[in-house]
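Trainee: Please put the structure up. Then let's work through it by question and answer.

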Amino acid sequence: MNWKNSNLLSMRSAFADTLFDLAKNDPNLYVVSAGLRPSVMMDKFATRYKTRFIEVGVAENNAAGVAAGLAKSGKNVFLCTYACFSPGINLATIKQSICENHLPVKIIGYHGGLLTGELGASHQMLEDIALMRSLPTMEVFAPLDAIETVKMTKVLAKSNSPTYMRLVRPDSPECYPHSFGFTIGQSRIIMPGSDVTVLGYGPILTQAINLNLKTSQEIINLSSLKPLDEKTILKSVKKTGRCLVIEDHQIMGGLGEGIAALILKSGLKCKFAQIGVDNQFGKSSIDPLDLYRIYGLSTTDIIAKINYLMKK
Amino acid sequence: MKSWGRPVHPLTSIARELRLTVFEMINSAKSGHLGGSFSALDIMTALYFANTFNFDRDHFVLSPGHLSAPLYAILAKTGKIPESILSTFSQIDSILESHSSHKVPGVEFSSGSLGQGLSFAAGLALGDKDHHTVCLTTDGEHDEGQIWEAIMFANKYHQGNLINIVDYNGLQIGGATSDIMPLDELAAKYIRFGWTVQTIDGHNFYALPKALKVAKNSTIYPACIIAKTTMSRGISFMENDYHYHDVKKLPPEIYQKAKNELEK
């Protein structure tokens, strides 16, 4: 999909609007903010639901602790701040206060990946999936676009598990079929194909759609990263024998490693490749897609990897 | 353990019994945090047996999870868990984790990583304004920045239903808190951060319940009780010695000598 010609929608607004609507019917729904209210688009929520908007200031450990305590008292808590700070700064608090205590706090990690653009290395969170998927009891999600964000938010609001959801900063292409729902632990085949299984999560996956190649790609949206829909993945890989995992995240600790292990354990024969950030820090760029070009995550790179997989 | 010039307080005998129980728990596990357990034990005894709070409704958050043994002993004494499992402390098939675990009935917060309890307590107090949330922290734990984040938060939200008791024994695992990271004027700091503060003798059963009552009656301000304590309180030759922060297997003669003192 060509981003420039797509209908671009904001995942952040989609999440904020959905949460605002959910709060109407759920008097227990609370938002904990860590000093980034405008950026996490919670102005409207904060104004309308004053007593349910808890601002802790730039203090992510306290944010996670307060969120855990609120959840312990029976509140439905969404912790909203940048992923580079939560879980970037407060991993130990998430691990103990939230996960070990098995409290269903929903951690919303804004500004995932290189897509964060001009804010550069400090703000482009490239390690969140590695951190979050390694925590026992934590469930991990990353919507494909704004449409899926809406569906996912509604489902996660009812979840009884510690939860992490990754959002991205810029508007991204509308892609998720409206007829699709969202179910925890279920992946969706965005485009069926027979030659190469292409797996990924978040807007970067839309780059693999409509590539105008002779080969046929089966594109699977793994927005439920944990629990992972192993059955659908293995079924596709069995059919194609080739697998490409695409993620706007460090390759080390990323989902690709999990998929590789899954395929190896299954005994299936499969040619495997990965797209991701290779042991590097990000950098500033006004156009985030320029970062995809520089770091090897662009459409051109995806095509090159598919061609590599197709070679005998 | 006589309180100065006054008759022995009824809580003293409960504390004496609990100290013996905790001592046996730690000794049979061949591992445990004796020093802090004994410095905080009288505070916890007052909390659970002075009738100021009812922890079926009010909340107790033990921030230093390594002080789990006295809490488990209290929960056994109050009938939340069977006394028979106390001897399984820290063992592989036991629910009595070395650092306090919420899987134990009556424990509200799994802990062990220091500095997190006060944030959790603040969140709990905010979510349940009809009851009190009492947090126990240690002086050494105040090295953690998160504690100060929570202190500011409680002030901002006027958390009159939040109480933080600081077990101030002046020592931590590697030495004196005044050497490792001085807390100078902790009471003044709390006051400047918008809390009410009482400084008391954390082993005095006349002072403890009174302070708890005063703290409970604070409706607008979060209340801090700085309880000055003695590490390893009750075993004279271990008192105020940071080497007893945690103990492994005690030599039989040390075990007996300590036990004799606790049974006095």
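**Sheets, a helix and an interface**

Mentor: 6 bridges join S3(B) to S7(B), and the two strands run parallel. Strands (E, at least two residues) and helices (H or I, at least four) are DSSP runs, numbered from the N terminus. This is a predicted model, where local features need pLDDT of at least 70, side-chain atom pairs count only at pLDDT 80 or more, and totals for chains, interfaces and linings use all residues. Residues are numbered from 1 along each chain as its sequence is written, with chains lettered from A and ligands numbered from 1 in the order in which they are written.

Trainee: Which residue of S7(B) stands opposite B:Asn164?

Mentor: Stay with the S3(B) to S7(B) pairing, which is parallel. B:Ile163 stands opposite B:Ala223 in S7(B). For B:Asn164, the residue opposite is B:Cys224.

Trainee: What is the bridge partner of B:Val197 in S7(B)?

Mentor: S6(B) is also joined to S7(B), by 6 bridges, and runs parallel to it. The partner of B:Val197 in S7(B) is B:Cys224.

Trainee: Which strands stand at the edges of the sheet in chain B?

Mentor: Strands pair if DSSP finds at least two bridges between them. The open sheet has 5 strands in the order S1-S2-S3-S7-S6 (chain B), with parallel pairing. Each edge strand has a single partner, so one side of it is left without a neighbour in the sheet. Those edge strands are S1 (59–62) and S6 of chain B.

Trainee: How many residues of S7(B) are buried?

Mentor: Buried means 20 or more other C-beta atoms within 10 Å of a residue's own, exposed means 12 or fewer, and partly exposed lies in between; C-beta atoms are placed from the backbone. S7(B) is mostly covered. Its buried count is 5 of 6 residues.

Trainee: Why do the buried residues of H8(B) line one face of the helix?

Mentor: Helix H8 (residues 207–216) of chain B has B:Leu208, B:Ala211, B:Leu212 and B:Ala215 buried. The arc is taken from the directions from the helix axis to the C-beta atoms. Seen down the axis of H8(B), the buried residues line one face because they fall within an arc of 105°.

Trainee: At about what angle does H8(B) run to S6(B)?

Mentor: H8(B) lies across S3, S6 and S7 of chain B. Axes are lines fitted to C-alpha atoms, for helices over the stretch in contact, and angles run from 0 to 180 degrees between N-to-C directions. The angle to S6(B) is about 175°.

Trainee: Is B:Ser236 buried or exposed?

Mentor: B:Ser236 lies in the loop between S7 and helix H9 (252–263) of chain B. Its C-alpha atom is separated by 10.0 Å from that of B:Lys257, 21 residues apart along the chain. With 12 other C-beta atoms within 10 Å, B:Ser236 is exposed.

Trainee: Which element gives the largest share of the side of chain A that touches chain B?

Mentor: Contact means C-beta atoms, placed from the backbone, within 7 Å. 21 residues of chain A are in contact with 21 residues of chain B. Helix H3 (60–72) and helix H4 (91–100) of chain A each give two or more residues to this side of chain A. The largest share, 9 residues, comes from H3(A).

Technical notes: Two residues are in contact if their C-beta atoms, placed from the backbone, lie within 7 Å.
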